[in-house]
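Have a look at the structure first, then read on.

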Amino acid sequence: MKKILLVFLFVILAFGTLLAACGQADEEEGQAGTPADTQDTTDEETGDDTDGEADAGDFNVKMVTDVGGVDDKSFNESAWEGLQQFGQDHGVEVDYIQSSDASDYAPNLNRLARDNTSLSFAIGFLMADDIYSVADQHQDKQFAIVDVVIEDEDGNTVPNIANITFAEHQGSFLVGVIAGLQTETNHVGFIGGVEGFLIKKFENGFKAGVKAVNPDAQISVQYAQDFNDASRGQSIANTLYSNGADVIYHAAGGTGNGLFTEAINRARNGENVWVIGVDKDQAEEGAWDGGNVTLSSMIKRVDQAVYQVSEMTMNGNFPGGEILEFGLDDEGVGIAPTTDNVTQESLDAVEEWKQKILNGEITVPQTDEEYEEYLASL
Amino acid sequence: MKKIKPILLKVMTFLKSLLIKLAIPLLSIFFGFFAGAIIMLVSGNNPITGYAALFDGVFGDIYYFGETLRMMTPLIFSGIAVAFAFRTGLLNIGVEGQLIVGWLASVAVGVMFDLPFVIHLPLALLAGAVAGGLWGFIPGILKARLHVHEVIVTIMMNYVALHVSNHFIRNYMLASGQRTEFIPATASLSSDFLRGLTDFSRLHWGFLLAIFACVVMWFLLWKTRKGYELRAVGYNPNASSYAGMNVKTNIVLSMVVSGGFAGLGGAMEGLGTYGYAQILSSFTNLGFDGIAVALLGASTSIGIFLSAFLFGGLKIGAANMQASANVAPELVEIVIALIIFFVASSYLIRWVLNRLQSNREGK
């Protein structure tokens with residue numbers, strides 16, 4: 001009798017421990033994944049460490065992730081890296097709360113406000129409605145949201161919310177240029193997360209970039225309608241590659257991880273396929289024992305934006321009610337630093353088109369209508 | 001004095017039988033938490049601070065308590081939906097989908113019509129129930145007429161529900177980004193009184209409706225003739241058929257009522273918590289959690305209410321565990337999963353209890 005109980009308990013515990021161990025490994029990996037430059041700054045920092053802490057006082061910055069969590073290898077992770085960096089540089093307390101589904105957003109944001117957090121970040125446009133009501137209930141607290149502009153009924157911004165947006169269409173245009181030049185089958189693909197204004201910016205910017213350098217290229221677009229479903233991402237990638245696309249760009253968060261899996265599988269079988277990553281430099285995700293399937297990545301410096309807004313707030317210049325757009329000019333978006341698979345010709349073209357965007361020669365389309373106009377103007 | 005003794009004895013035997021009934025769920029919960037504590041120890045957290053934070057995250061502040069009650073509202077409905085079908089011998093895995101269509105339908109009625117409160121809100125709730133019921137009718141009729149297994153059909157119907165409602169929202173009802181317009185106050189369940197009581201939590205009148213639904217379920221199943229038939233079909237369809245009951249009609253009816261409860265659960269989210277319907281990037285999991293709620297609650301009204309409170313509390317408290325004790329929120333999912341695991345293996349617990357008892361009697 002006792003033996004059976006013991007065996008039973010043992011099985012449960014072994015199973016649980018295994019799960020716990022998996023979780024931990026993930027966490028460590030996430031932390032190890034932070035860029036090497038954090039290392040450099042810690043050295044400098046030790047000198048004026050006490051100084052920084054004294055300056056900071058009770059200042060603290062925290063963020064609420066969307067359902068992707070801080071190890072989504074893209075958006076949330078990038079924000080958390082920026083926040084950690086900021087915490088290290090200034091000796092400030094930083095933390096995050098993970099949301100396990102959409103109904104968690106409001107209580108999580110509320111929790112930060114109640115804990116007297118100096119600045120609370122909501123990572124992702126999915127939290128738009130929740131941050132609006134929470135900020136309304138806590139008018140003395142400071143909030144910031146990434147990727148969306150919060151407006152009240154009259155279309156005015158809210159004084160205690162800073163709105164951080166990016167010119168994703170410009171960055172996507174540049175990776176579109178690379179895709180257009182380096183496709184061999186003359187067919188490229190795009191995988192979107194959930195269809196909506198934001199992801200349309202990626203799609204249209206990308207398509208415009210491809211058409212700018214390769215007007216004959218065929219572009220296939222498919223939406224997963226999910227930001228967090230890698231297996232769906234993989235099956236879409238499978239379809240697109242099978243239909244002849246050889247470069248696929250994704251703006252699909254965790255769903256995009258399936259694209260990498262599919263591309264690596266195909267690369268192992270000797271196929272020549274490429275992935276263009278999103279939000280952060282995804283070269284790491286594309287590495288396999290025989291090479292790397294990541295052609296380039298459209299980086300969106302969420303970390304930079306989070307860092308800068310935190311710094312402004314710490315210095316007493318909280319940009320509440322303002323709309324901050326991080327674009328090509330302040331390096332808020334661009335192509336990834338890893339360019340091993342990009343040809344010199346493409347890099348030159350990227351530079352050339354970047355200048356054209358910066359000095360206003362072309363306007364990168366954001367919506368479907370603008371894209372139609374853009375195509376007509378080519 | 002002499003008179004009191006037999007009464008006392010009766011009370012004692014009643015308590016004893018109650019205790020045995022409660023033993024399995026309580027032991028399962030205990031084992032679940034116990035295993036969770038060991039996992040915390042292994043992963044380098046202090047289980048006492050962890051669970052203290054969990055407890056504090058539910059009872060520590062009236063706001064979170066309100067959020068817990070808000071969280072358990074749809075769980076009660078989905079739990080009832082699962083239990084109702086289960087009593088008729090049907091496994092309704094499609095609560096998730098029925099809940100999603102109920103959510104959309106109730107919000108659609110809320111947004112499209114302009115009616116006075118007394119008509120608008122009941123109409124919106126009814127729309128949710130009807131949509132959910134319709135979604136339950138399809139697997140019901142397929143099961144009754146063609147013997148297609150309801151588990152398969154309901155699972156498939158979940159996906160259909162998810163993508164069809166996303167399609168409708170995206171193409172016909174989209175207001176900003178991911179969601180429809182807010183429903184007007186005449187169709188809303190939200191209550192300033194309850195909000196004020198709980199310091200701006202999203203607790204809404206739906207909570208009272210959920211309690212009422214528990215009573216309705218109990219009444220339907222145990223106090224009506226139809227309820228007796230439904231349960232009889234669940235126990236033994238052949239015998240019921242022999243006794244002159246129409247098994248097919250009862251199967252369909254059970255699925256429709258079950259779907260109706262699930263649809264109301266969706267209406268709670270649409271008319272109460274959110275005030276809109278949104279493009280769902282994945283399942284809400286409320287329907288799937290309903291299976292767990294029904295299982296732990298042994299498909300009884302009071303059990304469903306209590307286990308919905310447990311799961312709602314675990315989900316809301318998890319954020320505090322993470323914030324103040326640094327325990328990963330996934331741990332709560334593991335604890336929930338283990339509780340379910342132990343409930344599902346209740347045979348083992350019962351066997352152990354029996355052995356213990358016979359050992360004692362043997363001595």
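## Domains of chain A

Which domains is chain A divided into? Domain 1 covers 49–166 + 303–326, and domain 2 covers 169–299 + 343–377; such bounds come from an automatic or database domain assignment. A note before going further: this is a predicted model, where local features need pLDDT of at least 70, side-chain atom pairs count only at pLDDT 80 or more, and totals for chains, interfaces and linings use all residues. Residues are numbered from 1 along each chain as its sequence is written, while chains are lettered from A and ligands numbered from 1 in the order in which they are written.

The C-alpha centres of domain 1 and domain 2 of chain A sit 29 Å apart. Their contact draws 9 residues from domain 1 and 10 residues from domain 2 of chain A, with residues counted as in contact if their C-beta atoms, placed from the backbone, lie within 7 Å.

Chain A has an open sheet of 6 strands, paired in parallel and ordered β2-β1-β3-β4-β5-β13. Elements here are DSSP runs numbered from the N terminus: helices are H or I with at least four residues, strands are E with at least two. Two strands pair if DSSP finds at least two bridges between them. The edges are β2 (93–97) and β13 (323–326) of chain A, each pairing on one side only. On average, neighbouring strands are turned by 20 degrees against each other, direction ignored.

Zooming in, β4 (142–146) and β5 (161–166) of chain A pair in the parallel sense over 4 bridges. A:Ile145 stands opposite A:Asn163 in β5(A). Helix α5(A) lies across β1 (60–64), β2 and β3 (119–122) of chain A, running at about 175 degrees to β1(A). Axes are lines fitted to C-alpha atoms, for helices over the stretch in contact, and angles run from 0 to 180 degrees between N-to-C directions.

## Where the chains touch

How many residues does each chain bring to the contact? Chain A gives 33 residues and chain B gives 29 residues. On the chain A side, α1 (2–32), α5 (105–114) and α6 (128–137) give two or more residues each, and α1(A) gives the most, with 8 residues. That side of chain A divides into 14 nonpolar, 13 polar and 6 charged residues.

## Helix packing in chain B

Helices α5 (117–146) and α6 (150–173) of chain B pack at about 150 degrees, their axes 9 Å apart. That makes α5(B) roughly antiparallel to α6(B); angles under 35 degrees count as roughly parallel, over 145 as roughly antiparallel, 65 to 115 as roughly perpendicular and the rest as oblique. Among the residues that meet are B:Trp135 and B:Leu142 from α5(B), and B:Val153 and B:Met157 from α6(B). The contact of α5(B) with α6(B) has 7 nonpolar, 1 polar and 2 charged residues.

Further along, α8 (206–223) and α9 (225–235) of chain B pack at about 80 degrees, with axes 5 Å apart, and are therefore roughly perpendicular. Helix α9(B) also packs with α11 (247–274) of chain B, at about 105 degrees with axes 10 Å apart.

Key:
Two residues are in contact if their C-beta atoms, placed from the backbone, lie within 7 Å. Ala, Val, Leu, Ile, Met, Phe, Trp, Tyr, Cys and Pro count as nonpolar, Asp, Glu, Lys and Arg as charged, and the others, Gly among them, as polar.
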